[in-house]
Protein chains: 2
Amino acid sequence: MKTISVSKAKEFAEEVGIAFEQTGLPRMAGRILGWLLVSDPPHQSMEQLTNTLTASKGSISTTTRLLIQHGLIERISLPAVRHDYFRLRSDTWQHMIGRGLTGEIIMFRQLAERGLGLLGEKTTANSKWLKEMLNVYTFLEQEFPALLERWEKEHQKDLQTVKQSR
Amino acid sequence: MKTISVSKAKEFAEEVGIAFEQTGLPRMAGRILGWLLVSDPPHQSMEQLTNTLTASKGSISTTTRLLIQHGLIERISLPAVRHDYFRLRSDTWQHMIGRGLTGEIIMFRQLAERGLGLLGEKTTANSKWLKEMLNVYTFLEQEFPALLERWEKEHQKDLQTVKQSR
DNA sequence: TACTTTGTTCAGTATTGACAAAACATATTA
DNA sequence: TAATATGTTTTGTCAATACTGAACAAAGTA
């Protein structure tokens with residue numbers, strides 16, 4: 001029976017921190033997510049978070065609120081327990097994808113529109129370029145959700161397979 | 001005949017700057033891209049860039065090099081002209097997509113793998129979650145290029161339509 | 001060879017933003 | 001009401017980094 005190494009888990013939390021920093025969230029947000037991804041149990045109190053991540057209460061408090069607003073984690077409370085716990089939401093990856101990928105697609109589609117609006121009716125090398133950009137991102141904006149739906153369907157099958165193999 | 005407003009174009013460059021900042025590039029990189037998207041002519045000298053963006057030579061020099069490395073712009077030189085020009089590459093949007101969307105997909109797929117590696121064989125609430133995450137991002141990593149190829153095919157058709165309508 | 005034009009590199013500055021620490025607020029138990 | 005536990009908000013500090021400005025390099029012109 002292999003027990004998970006806490007120090008390795010902390011390293012992992014740091015890595016996730018770096019990764020999420022690249023997506024625009026504060027590093028601490030990624031650290032919390034990273035830890036919640038591998039912590040046992042999957043729900044952790046604020047005290048546990050401050051200890052394992054060696055961060056201040058204030059930082060954890062602010063960042064957990066941010067993550068809750070983004071729909072990535074949720075606060076849970078147990079009866080007869082003073083403090084709350086945080087855990088990943090079951091649909092966190094949907095939100096991650098929506099915030100990152102879908103958000104970027106929409107942003108660039110809007111930029112292309114604005115740029116074309118500036119150029120007006122004139123057809124220049126630039127307008128040709130911008131039209132192509134608008135074209136791609138509009139396409140992605142339509143097709144990307146369809147792609148995710150396709151995954152969900154295939155995923156349903158996977159789950160059934162898992163059930164059968166029990 | 002509507003002439004493009006320079007001040008509006010500068011505003012646009014600033015907006016693109018903000019947008020690209022969110023994707024991890026320096027703001028100045030986005031400003032340059034934004035200006036090149038609407039400037040007339042589509043190729044601009046370093047002096048023109050320093051003037052319109054009110055930025056220092058050094059900043060433009062450093063940032064154009066960065067953009068060239070990323071494959072987003074290219075340096076062009078005209079015969080009998082001392083200075084060089086910069087312009088968008090025709091395949092810039094492919095690089096934008098690759099850097100942003102594809103990169104993010106790969107990054108998160110790798111994170112899920114690392115997390116699962118940490119948990120080992122144990123099946124917990126977390127491992128179930130991570131497996132799902134790995135599942136989605138692996139799916140996206142495979143299907144996203146296919147999606148782009150599909151666009152390119154449909155795009156070929158568009159171009160032919162344009163030719164016919166001339 | 002001097003001079004000008006063009007572009008790069010580097011040192012210093014300024015700005016941004018994440019974080020810690022402490023003050024503050026709220027609620028629970030005694 | 002006092003005392004304790006829990007969580008939030010705010011203020012200040014520090015670090016990262018984009019940017020400016022100046023020194024420097026290279027290459028073309030007189």
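Which polar backbone atom is 2.7 Å from a phosphate oxygen of DNA strand C? The one to look for belongs to B:Asp84.

This is a predicted model, in which local features need pLDDT of at least 70, side-chain atom pairs count only at pLDDT 80 or more, and totals for chains, interfaces and linings use all residues. Residues are numbered from 1 along each chain as its sequence is written, chains are lettered from A and ligands numbered from 1 in the order in which they are written, and side-chain values use heavy atoms, with hydrogens and water left out.

**View 1. Residues around DNA strand C.** Among the 20 residues here, A:Met28, A:Arg31, B:Lys57, B:Ser61 and B:Asp84 come nearest (near: a heavy atom within 4 Å). α4(B) gives the most to this surface, with five residues (helices are DSSP runs of H or I, at least four residues, numbered from the N terminus).

View 2. A polar side-chain atom of B:Arg82 lies 3.2 Å from a sugar or linking oxygen of DNA strand C. On chain A, a backbone N or O atom of A:Thr54 is 3.5 Å from a phosphate oxygen.

**View 3. Where chain B meets chain A.** Here 58 residues of chain B touch 58 of chain A (contact: heavy atoms within 4.5 Å). α6(B) contributes the most to chain B's side, with 20 residues.

**View 4. A salt bridge across the interface.** B:Glu15 pairs with A:Arg114, their closest N and O atoms being 2.6 Å apart. The rule (a side-chain nitrogen of Lys or Arg within 4 Å of a carboxyl oxygen of Asp or Glu) finds four salt bridges between these chains.

Notes
Helix = DSSP H or I, 4+ residues; strand = E, 2+ residues; numbered from the N terminus. Polar contact = N/O pair within 3.5 Å; in protein donor to acceptor, adjacent residues only side chain to side chain.
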